[in-house]
Amino acid sequence: MTHSAPPTQGKTPEGQQGPDRGPAARPGLLMGRPFGVPVYVSPSWFLVAVLVTVMFEGQVHDVVERPLSYLVAFAYALLLYGSVFVHELSHAVTARAFRLPVRSVTLHVLGGETSIEREAPTPGREFLIAFAGPLVNLVLAGAGLLAHALLPLPDVAVLLVDALTFANLLVGVFNLLPGLPLDGGRLVRAAVWKATGRSRTGAIIAGWVGRGVAIATLVGGALLATYGTGADGGIGWLALLWSALVASFIWVGATQSIRAEYVRDRIPLLSARRLARRATLVTADTPLAEAVRRARDDHAGAIVIADHDGRPLGLVSEKAVTATPEHRRPWVTAGDLSRGADDLTLPADLTGEDLMDALRRAPASEYLLVEPDGRVYGVLATADVDRAFAGI
């Protein structure tokens with residue numbers, strides 16, 4: 001299970017994060033909005049539900065006849081992901097209690113993910129948000145043990161309660177392993193952050209520990225496949241495949257968390273002026289071929305539509321220009337390939353986090369940069385911002 005945040009958050013087999021640049025496509029089917037948080041189910045979940053149903057049905061068949069055993073096994077798959085959902089929702093509710101905006105909760109093949117738009121402002125809040133998920137699973141496991149010990153349950157109920165108790169215990173303990181992107185890694189990050197006063201140091205240490213957890217997970221699966229198999233060895237090799245999948249997830253998440261810190265180091269160095277492309281100003285009725293010729297003569301990397309007084313009216317899409325064949329450019333005007341610049345105009349003096357926040361608020365491929373007096377300074381291409389982070 002995991003939760004994610006802006007350019008430096010990570011998760012567990014239930015979540016992840018990365019640089020944020022505006023709204024993304026829906027991650028799955030929208031199932032509801034508890035506490036105002038959109039909850040999505042990835043299509044991959046249905047595959048896992050089928051696998052869990054088939055694998056658990058063998059145990060159910062010992063106490064329930066077919067075909068009812070399949071229905072009970074499917075109910076277990078739903079309850080299992082119900083535990084994952086409660087885990088993720090606990091992250092979301094805790095974050096919202098600290099006034100952090102929560103974008104969504106998504107259930108997928110490896111569990112779930114809670115997407116939090118901003119990271120916690122203090123190590124204490126970071127700790128509480130991360131610990132909320134595993135705590136809920138451990139509480140559910142304890143409730144299952146009490147139910148088994150105190151309630152007179154029928155055999156099928158005992159089977160479901162015991163299976164869910166074990167699953168919640170496993171999920172809770174696993175997510176407390178001390179490495180990003182697991183919740184335990186976020187606890188490590190919070191602890192190091194508290195001790196050093198630097199969240200970056202905590203994230204990097206927790207990321208490297210996460211890489212160690214990934215290696216340990218893979219080695220554990222290999223040992224189980226080698227020494228813990230029965231006569232046919234099927235279960236052991238299935239464990240190896242699953243551990244390899246989980247290990248790769250943890251490794252990638254830990255690596256992304258480390259990389260995000262180096263990306264963050266470079267954000268203060270970003271300057272809209274430094275990254276801007278020179279712009280050629282043309283009127284909307286200028287043939288595209290002529291506009292491109294003028295841009296080449298000016299050694300410009302962008303074309304801006306302006307009125308006869310030089311006031312900017314629109315931006316010509318570089319992608320649209322590239323997609324227009326040479327033989328058609330004399331018959332297409334620059335205005336035909338432009339869009340209004342009102343929503344895509346930024347001050348040329350933007351730098352660092354202010355620049356990144358502006359790009360997030362209005363996702364686009366190009367932005368018009370203007371001086372304080374309204375004159376055009378140039379055009380900022382998102383691709384150039386991305387290249388500024390290349391090599392990290």
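## Salt bridges and a nonpolar patch

In this predicted model, the side chains of E126 and R189 meet in a salt bridge, with 3.0 Å from N to O. Because E126 lies in helix 3 (residues 123-150) and R189 in helix 5 (residues 183-196), the pair ties together parts that are 63 residues apart in sequence. Both E126 and R189 are buried.

A second pair, R277 and D384, also forms a salt bridge, at 2.7 Å from N to O, and links distant parts of the chain, since R277 sits in the loop between helix 8 (272-275) and strand 6 (279-282) while D384 belongs to helix 12 (residues 382-388), 107 residues away. R277 is buried, with a relative accessible area of 17%, and D384 counts as buried at 14%.

Within helix 11 (residues 352-361), D357 and R360 lie three residues apart, about one turn of the helix, and they too are joined by a salt bridge. Here D357 counts as partly exposed at 31% relative accessibility, whereas R360, at 18%, counts as buried. Salt bridges that share partners join E119, E126, R186, R189 and R264 into one network, and the count of salt bridges comes to 18.

| Salt bridge | N to O distance |
|---|---|
| E126 and R189 | 3.0 Å |
| R277 and D384 | 2.7 Å |
| D357 and R360 | 2.8 Å |

The elements that give two or more residues to the nonpolar patch are helix 6 (199-227) and helix 7 (234-266), and the largest share, four residues, comes from helix 6. L223 lies in helix 6 and is partly exposed, with a relative accessible area of 46%.

Note on methods
Residues are numbered from 1 along each chain as its sequence is written. This is a predicted model: local features need pLDDT of at least 70, side-chain atom pairs count only at pLDDT 80 or more; totals for chains, interfaces and linings use all residues. Side-chain values use heavy atoms; hydrogens and water are left out. Buried means under 20% relative accessible area, exposed over 50%, partly exposed in between (1.4 Å probe, protein chains only). A salt bridge is a side-chain nitrogen of Lys or Arg within 4 Å of a carboxyl oxygen of Asp or Glu.
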